[in-house]
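This report describes a ligand site and its setting within the chain. The sequence and structure are shown first.

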Amino acid sequence: MRVIKRIAVLTSGGDAPGMNSAIRAVTRCALAQEWDVLGVRRGYAGLVEDEVEPLTGRSVSNIMQCGGTVLGSARCPEFEAEPTRRQALRNLQQNRIDALVVIGGNGSQTGALALAEMGLPVVGVASTIDNDLAGSEVTIGVDTALNIALEAIDRLKTTASSHQRAFLVEVMGRKCGYLALMAGLAGGAEIVVIPERETSPAEVARQLRAAYERGKRHALAVVAEGALYDAAKLDAWFREHAGQVGFDTRTTTLGHVQRGGTPTAFDRLLGARLGAGAVAALTRGEQGVLVGLNEGKVTTTPLTEVVGVPKIVDPELFRLASVLEK
Ligand code: F6P
């Protein structure tokens, strides 16, 4: 087993509330093993450009309650090219780094697997507001994003009621409907539109109209950004088919507001547990794995079983949403 003396940690892809808690846990748990810790700035972009700095117990203090990531993050499509990854490996070698912890979602863990296959000991930490990463039932950031979406939905319902309107609310999630489904369930939506289940605009209109006919003062459709008919397309359809909904309609796209702000207690704790889990995995000699949470326990799953593997939205929850919608 390779002796570890020095590790690096980076955050990559879309930032997620709770990442700072994971950085802090990785740093402090590694220091407790008497390893040195380097923080890589701006994800894989900083790895390629050798933007690293030592992390100490003090430098990660007072960050847990902050959203975003103190290390910065970036999308780095260049990292898909092997020469770029070779440059990153050279930089890691020059800095005498024995292992790398990658905190991020799908794209980030794809990069982590590529590095692992080139011989670098890498451990991933499941972190994305989309919750679309196989290998962890829940990822860092999704709880905060969901709570932000819910607060917005609750607010929209009050103005919707005052004006007797229907709202289309679009939430993030890339190609995954998890955030939309959960926000719809917890927000009392009339209908949830997700990429995993094709829903026609006519069906959305039918459900909103049914709410109108039941005498409701407002109605709500929660729409995932990755759905075949996203909020913009539904909005355009409603304009062309005015009068089919009963209600006057308005559309709100929540966008990046869902990624900002203070992490919830759940995301802070998850960040702490998964960050600590990454160091624990390295001490056991595990590498090329993703640290996640499954059945309430911190687990590791080979990155080969994570990358490119779709995560299925629970069909039971979708059924529950359609019952509770009525
Ligand atoms: O992966 C997180 C996420 O917020 C997605 O939900 C969204 O589609 C995407 O990132 C937005 O990416 P960017 O911040 O690069 O615009």
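## Ligand pocket

Which pocket is the space taken by the ligand? The ligand takes the space of the largest pocket. Here a pocket is an open set of points on a 1 Å grid over the protein atoms alone, where a 1.4 Å probe fits, with protein on both sides within 12 Å along at least five of seven lines; a molecule sits in it if more than half of its atoms lie within 2 Å of its grid points.

## Basis of the model

The model is predicted: local features need pLDDT of at least 70, side-chain atom pairs count only at pLDDT 80 or more, and totals for chains, interfaces and linings use all residues. Residues are numbered from 1 along each chain as its sequence is written, and side-chain values use heavy atoms, with hydrogens and water left out.

## Ligand shell

Around the ligand (a heavy atom within 4 Å) are Arg75, Ile129, Asp130, Met172, Gly173, Arg174, Glu225, His256 and Arg259. This shell comprises 5 charged, 2 polar and 2 nonpolar residues, with Asp, Glu, Lys and Arg counted as charged and Gly among the polar ones.

The protein buries 75% of the 390 Å² that the ligand exposes when taken alone (Shrake-Rupley method, 1.4 Å probe).

## Domain setting

The domain assignment, automatic or from a database, gives domain 1 (6-141 + 263-305) and domain 2 (145-259). Their C-alpha centres lie 34 Å apart, and their contact (heavy atoms within 4.5 Å) takes 10 residues from domain 1 and 10 residues from domain 2. Because both domains give residues to the shell around the ligand, the ligand lies between them.

Methods: On a 1 Å grid over the protein atoms alone, a cavity is a set of points where a 1.4 Å probe fits but cannot get out, and a pocket is an open set with protein on both sides within 12 Å along at least five of seven lines; lining residues have an atom within 4 Å of a point.
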